[in-house]
Amino acid sequence: MSSQAEAPTIPLLTPYKMGNFSLSHRVVLAPLTRQRSYNNVPQPHAILYYSQRTSNGGLLIAEATGVSDTAQGYPDTPGIWTKEQVEAWKPIVDAVHAKGGICFCQIWHAGRVSKEEYQPNGQAPISSTDKPLKPVIRSNGIDVAEFTPPRRLRTDEIPHIVNDFRLAARNAMEAGFDGVEIHGAHGYLIDQFLKDQVNDRTDKYGGSLENRCRFALEIVEGIANEIGAERVGIRLSPFANYADCGDSNPEELGLYLANALNKYGILYCHMVEPRMKTVGEKVECPHSLVPMRKAFNGTFLVAGGYDREDGNKAIAENRADLVVYGRLFLANPDLPKRFELNAPLNKYNRNTFYISDPVVGYTDYPFLETQAP
């Protein structure tokens, strides 16, 4: 220690080398579905939204972005399968780079969490299964989401879906993104293959743990070969039960995947805490991501209701390399700065998370310097 009094180091605000990327801090913007990409095309108002949340050397993961015309499950979520979509992403990514940020595109396929109105020609959504998804009460506690019963993918169709992910990753590079995060969490298509509560297949993509993980790992391999493993991350939620997508042995599933991913040398693994079982608040939970953290060789990101204190502890105790923030980062575009100063945080407004307004609940949360003293 030098003789001058030094401010205590805040673990979240220490630099970190993630592969070829030099991060100035460990506070990451979560991939937040925003439903403001009209007709599945990213809009100019997203330029402000993402640039507001960019800091020099900060990592942002863009919202879940569909890999094909069968991937959508919600209105006005962006895609990256057409030329128009790729072109629309370019100024958004450019705005992040202009402020020194690093931007990854989360690519997803909703699978059975969809209905015919979001599908080409009004067809049934595709999945690992033909088991229908029960209606779900929306996060506002009032509206009910209903889903069209899915169509089970034939074995010979699965390579085409893997290829859709590969092409989406290539398109993300064309749009200027620094890398992609494969969305393998929260009950969407990849998770529908991973979890034994949903996957009832009898072909090489069902049954054993190895078979259920095959689809996810084929996507990882295809994308790593296409854009380089050093630009690939994956998000997983082995413990979660979103969209009736649970597993009988989540620890075994998470560990198997953490070890299997090492073979491909990908950049990072982003896991959701066991305490986030369903949409909403944290629950007390005896389980931990530490075994997966120890097993995985690359950068390990954690998410799931973290606050400043939680995040600092996770870094200080070496349970994670980076901590991913959603609601807090939405409501506080200058979140790393607020963490540095231990400043009070704006409260998020859940009612405006998914409205289609280009400003309200999107780019109108105040920065510290714009707030009245």
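Reply: L60 stands opposite C103 in strand 5. Strand 4 (residues 59-66) and strand 5 pair in the parallel sense over 6 bridges; two strands pair if DSSP finds at least two bridges between them. The chain passes from strand 4 through helix 2 (residues 83-98) to strand 5 in a right-handed β-α-β crossover, meaning that, with the strands pointing away from the viewer, the path from the first strand over the helix to the second runs clockwise. Helices (H or I, at least four residues) and strands (E, at least two) are DSSP runs, numbered from the N terminus.

Me: On what kind of model does this rest?

Reply: This is a predicted model, in which local features need pLDDT of at least 70 and side-chain atom pairs count only at pLDDT 80 or more, while totals for chains, interfaces and linings use all residues. Residues are numbered from 1 along each chain as its sequence is written, and side-chain values use heavy atoms, with hydrogens and water left out.

Me: Which strand pairs with strand 5 over 4 bridges?

Reply: Strand 10 (residues 179-184) does, in the parallel sense, and F104 stands opposite G179 there.

Me: How many residues of strand 5 are buried?

Reply: Buried means under 20% relative accessible area, exposed over 50%, and partly exposed in between (1.4 Å probe, protein chains only). In strand 5 (residues 102-108), 7 of 7 residues are buried. I102, F104, Q106 and W108 point one way, and C103, C105 and I107 the other.

Me: What is the phi of H186?

Reply: Phi of H186 is near 55°, a positive value in a residue other than glycine. H186 lies in the loop between strand 10 and helix 4 (189-194), and counts as buried because its relative accessibility is 14%.
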